Amino acid sequence: MRLEKFQMIDRVERLDRAARSITCRCEVPRESSVFEGHFPGHPLLPGTLMIEAIAQCCGLLVLALHDFARMPVLVGVDKARMRAMIAPGAVLAAEGRLVQEGAVYVAAAGRLLSEGRKVAEAEIRLGTIPFPSEQFRADVRGFARQIGLI
Amino acid sequence: MADYKQETFDVVAGIIAEVSSIDRTTIAADSHAINDLGIDSLDFLDVTFAIDKKFGIKMPVEKWMEDVNEGRAKAEEFFVMHNLVRHIDDLVAAKAAAA
């Protein structure tokens, strides 16, 4: 994770196109300016960033399944639960599974695990919109290649 | 007014009322989802999600918007309630026929 860059996913570990599911690796950094405020002397990964990690994981799944045809953007989060506190240095697995697909949206179920234990979960709704430019699409592809999505 | 199923109308009106926090009794067959009911684009995405899920269909809302934006159809054709419901009935029938 590069929290300051809002990059929550370090590596795609498994993509199952048939099952429409994905697993990603997220390494919580030992140091980050985020931890300076959350909280001073007691650093914890903010719960909102746990949900962001799940959302990004699901977004990568959509990109892969749609071959980068459209850009997924977060439009809704339901049933979000943060079940444990996550400290710097933790290694998390983010999992996403597509559960419903419409013409302009995708719904996915996601969760975050630490040492096999569920620490967060949410139902994620992503709108799928045209990429703002071919350059942006190429940049996203480049990042996807970097983290092993393609 | 186009033919539509009252039971479909009731389900769709219920979804819109719940998603958009609109008084169900204000939703009539000739209500325009956007102009009269004030449903914004994000609400409409949620409404589409709920309708797709309820009826097991995929409403081609992007195609509808393209048709409106490119002058091939009027917005009323898709977004006035009785027309919207008729389109949903058609999609449900097409799905049943394809099964």
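1. Conventions. Residues are numbered from 1 along each chain as its sequence is written, while chains are lettered from A and ligands numbered from 1 in the order in which they are written. Because this is a predicted model, local features need pLDDT of at least 70 and side-chain atom pairs count only at pLDDT 80 or more, whereas totals for chains, interfaces and linings use all residues.

2. Strand pairing in chain A. Helices (H or I, at least four residues) and strands (E, at least two) are DSSP runs numbered from the N terminus, and two strands pair if DSSP finds at least two bridges between them. Strand β2 (residues 21-27) of chain A pairs with strand β4 (residues 91-101) of chain A in the antiparallel sense over seven bridges, and Thr23(A) has Glu95(A) in β4(A) as its bridge partner. β4(A) and β5(A) also run antiparallel, joined by nine bridges, with Glu101(A) opposite Val106(A) in β5(A); a hairpin of three residues connects these two strands.

3. The strands that follow. β5(A) is joined to β6(A) by ten bridges in an antiparallel arrangement, in which Leu112(A) stands opposite Ala120(A) of β6(A). The hairpin formed by β5(A) and β6(A) has two residues between the strands, and Glu115(A) in that turn has a positive phi of about 50°. β6(A) in turn runs antiparallel to β3(A), with nine bridges between them, and Gly76(A) has its bridge partner in β6(A) at Arg125(A).

4. The nonpolar core. A nonpolar core is taken here as a set of buried Ala, Val, Leu, Ile, Met, Phe, Trp, Tyr and Cys residues joined through C-beta atoms within 7 Å. A residue is buried if 20 or more other C-beta atoms lie within 10 Å of its own, exposed if 12 or fewer, and partly exposed in between, with C-beta atoms placed from the backbone. The largest such core has 58 residues, of which Met50(A), Ala53(A), Ile54(A), Cys57(A) and Ala94(A) touch the most other members. Helix α2 (residues 47-65) of chain A gives the most to this core, with twelve residues. Two residues are in contact if their C-beta atoms, placed from the backbone, lie within 7 Å; leaving aside neighbours within four places in sequence, Ala94(A) has contacts that include Ala53(A), Ile54(A) and Cys57(A), as well as Cys24(A), Gly110(A) and Leu112(A).

5. Backbone points to check in chain A. The peptide bond between His38(A) and Phe39(A) is cis, with omega about -5°, and Phe39(A) is found in the loop between α1 (33-37) and α2 of chain A. In the loop between α2 and β3 of chain A, Asp67(A) has a phi near 50°, a positive value in a residue other than glycine. Phe68(A), which lies in the loop between α2 and β3 of chain A, likewise has a positive phi, near 60°. Asp67(A) is exposed, because 9 other C-beta atoms lie within 10 Å, whereas Phe68(A) counts as partly exposed with 16 C-beta neighbours inside 10 Å.

6. Helix α1 of chain B. The 15 residues of α1(B) should span 21 Å at 1.5 Å a residue, and the end C-alpha atoms are 21 Å apart, which agrees; the expected span is 1.5 Å times one less than the number of residues. Phe9(B), Val12(B), Ala13(B) and Ile16(B) are the buried residues of α1(B). Seen down the axis of α1(B), these buried residues fall within an arc of 100°, so they line one face of the helix, the arc being that of the directions from the helix axis to the C-beta atoms. Their cover includes α2 (41-55) and α5 (81-98) of chain B.

7. Ser20(B) lies in helix α1 (residues 6-20) of chain B and counts as partly exposed because it has 18 C-beta neighbours inside 10 Å. Not counting residues up to four places away in sequence, Ser20(B) touches Leu37(B), Ile39(B) and Asp43(B). α1(B) is followed by Ser21(B), which has a positive phi, near 55°.
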